[in-house]
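The tour goes from one selection to the next and says what is found at each stop.

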Amino acid sequence: MTQPVAQNSTIRNVLLAGILLMLAGDFLFALNDAMGKWLVASFSVGQVVLIRSIGAFFVLGPMIAHQGTARLFRMERPELQILRVVMTTLDTALFYAAVVYLPLADVMSFYMAGPIYVAALSHLLLGEKVGWRRWVAILLGFCGVVIMLKPSSAAFSLSSSFALAGSIAFAFAIILNRRLRGTSDTNLVTWQTIGTLLVGGVLTIGAWQTPSALDFGAMLLLGIVSCSAHLMITRALKLAPASTLAPLHYTLLLWAVVFGLVFFGDVPGPRILIGSGIVVLAGLFIFHRQKVVDTTVPPENVPKGVN
């Protein structure tokens with residue numbers, strides 16, 4: 001009797017750790033989005049992505065040295081690793097390409113559909129069960145997103161296709177994280193950073209603009225922030241089901257309100273407050289149903305010796 005109780009306690013602790021890491025990672029991603037929006041107003045997408053990727057190695061460098069360079073080339077499921085690099089690179093490049101032309105709120109409205117894609121894909125590709133009540137809550141959460149963001153008429157422009165494609169790539173990357181949960185965080189984030197570094201270098205050809213020391217430092221800091229966020233979310237997805245963590249991405253909207261007020265002077269109106277309330281309530285209900293329905297987690301969802 002003691003052993004099942006201890007096992008259930010361990011499972012709850014693992015799930016809680018995954019949830020907390022996802023929340024922290026989403027906070028850093030919201031900060032990354034605000035910084036990126038500011039930088040791409042003055043520099044090309046390729047240049048921002050290139051220097052951002054270099055900055056990420058301030059975090060990754062010590063981790064690579066600790067585990068050994070040779071381990072980077074010992075990959076689990078190489079074909080999925082390559083596909084994940086493609087998806088994360090597309091996600092990054094398309095997001096910055098979109099915010100050059102669209103307001104951040106419009107771009108985020110597309111990306112907030114990501115949890116819906118993830119819930120559907122995790123059911124189809126990972127076999128994770130998502131009950132009808134949670135489906136309804138996720139859809140209601142998305143309605144709250146629409147109320148908050150109210151995409152402008154520009155949402156149907158060509159640039160909006162960048163955001164739409166980026167949000168789909170983002171959802172696939174989350175699913176691939178779950179499939180590759182046996183791979184070390186260092187490997188996953190290093191290879192995706194190398195992918196964005198190469199693409200940024202190509203896009204920078206003919207578009208380089210010498211930045212000031214402040215701007216260069218800001219782009220390096222952008223890499224440190226985004227890399228830290230990727231590491232946190234990568235670990236979170238090893239600790240909890242994707243369908244559980246996906247709705248937490250809605251917290252990006254709450255942080256967007258805060259950063260919009262602090263950095264851009266945007267004061268949230270009643271529409272933002274009402275939409276935020278719907279999103280939060282939907283998220284809380286999803287967690288409630290997770291606790292009620294999933295009293296246990298399959299052994300494959302409880303990582304052993306995660307790197």
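Start with helix α11, which gives the most to the nonpolar patch, with six residues. Helices here are DSSP runs of H or I with at least four residues, strands are runs of E with at least two, and both are numbered from the N terminus. The model is a predicted one, in which local features need pLDDT of at least 70 and side-chain atom pairs count only at pLDDT 80 or more, while totals for chains, interfaces and linings use all residues. Residues are numbered from 1 along each chain as its sequence is written, and side-chain values use heavy atoms, with hydrogens and water left out.

**Stop 1: the nonpolar patch**

Select W38, W255, V258, L261, V262, F263 and F264, and show their surface: they make a nonpolar patch of about 680 Å². Patches consist of residues with over 30% relative accessible area and no salt bridge; like charges are joined within 9 Å, and nonpolar side chains (Val, Leu, Ile, Met, Phe, Trp, Tyr) within 5 Å. A salt bridge is a side-chain nitrogen of Lys or Arg within 4 Å of a carboxyl oxygen of Asp or Glu. Areas come from the Shrake-Rupley method with a 1.4 Å probe, and for residues only the protein chains shown count as cover.

Now pick F264, which is found in helix α11. F264 is partly exposed, with a relative accessible area of 37%. Buried means under 20% relative accessible area, exposed means over 50%, and partly exposed is in between (1.4 Å probe, protein chains only).

**Stop 2: the ring pairs**

The structure holds five aromatic pairs. Rings of Phe, Tyr and Trp (its six-membered ring) pair if their centres lie within 6.5 Å; planes under 30 degrees apart count as stacked, over 60 as edge-to-face and the rest as tilted.

Select F73 and W191: this pair is edge-to-face, with 5.7 Å centre to centre and 80° between the planes. The pair links distant parts of the chain, since F73 is in the loop between α2 (45–67) and α3 (78–101) and W191 is in helix α8 (residues 185–204), 118 residues apart. Is F73 buried or exposed? At 58% relative accessibility, F73 counts as exposed.

Next, select W255 and F259, whose ring centres are 6.2 Å apart and whose planes are at 25°, so this pair is stacked. Both lie in helix α11 (residues 251–264), four residues apart, about one turn of the helix. W255 is partly exposed at 32% relative accessible area, whereas F259 is buried at 10%.

**Stop 3: a buried glutamine**

Go to Q47 in helix α2. Q47 is buried, with a relative accessible area of 0%. A polar atom of the Q47 side chain lies 2.6 Å from the backbone oxygen of Q209. Not counting residues up to four places away in sequence, Q47 touches T204, A207, W208, Q209, P211 and M219; contact means heavy atoms within 4.5 Å.

**Stop 4: the whole chain**

Zoom out and colour by secondary structure: the protein chain has 12 helices and zero strands. Buried residues make up 50% of its 307 residues. Of the contacts with a separation of 6 or more, 91% are between residues 24 or more positions apart. The accessible surface of the chain comes to about 14,200 Å², and 72% of this belongs to carbon and sulfur atoms.

How values were computed. A polar contact is a pair of N or O atoms within 3.5 Å; within protein, one must be able to donate a hydrogen and the other to accept it, and residues adjacent in sequence count only if both atoms are side-chain atoms.
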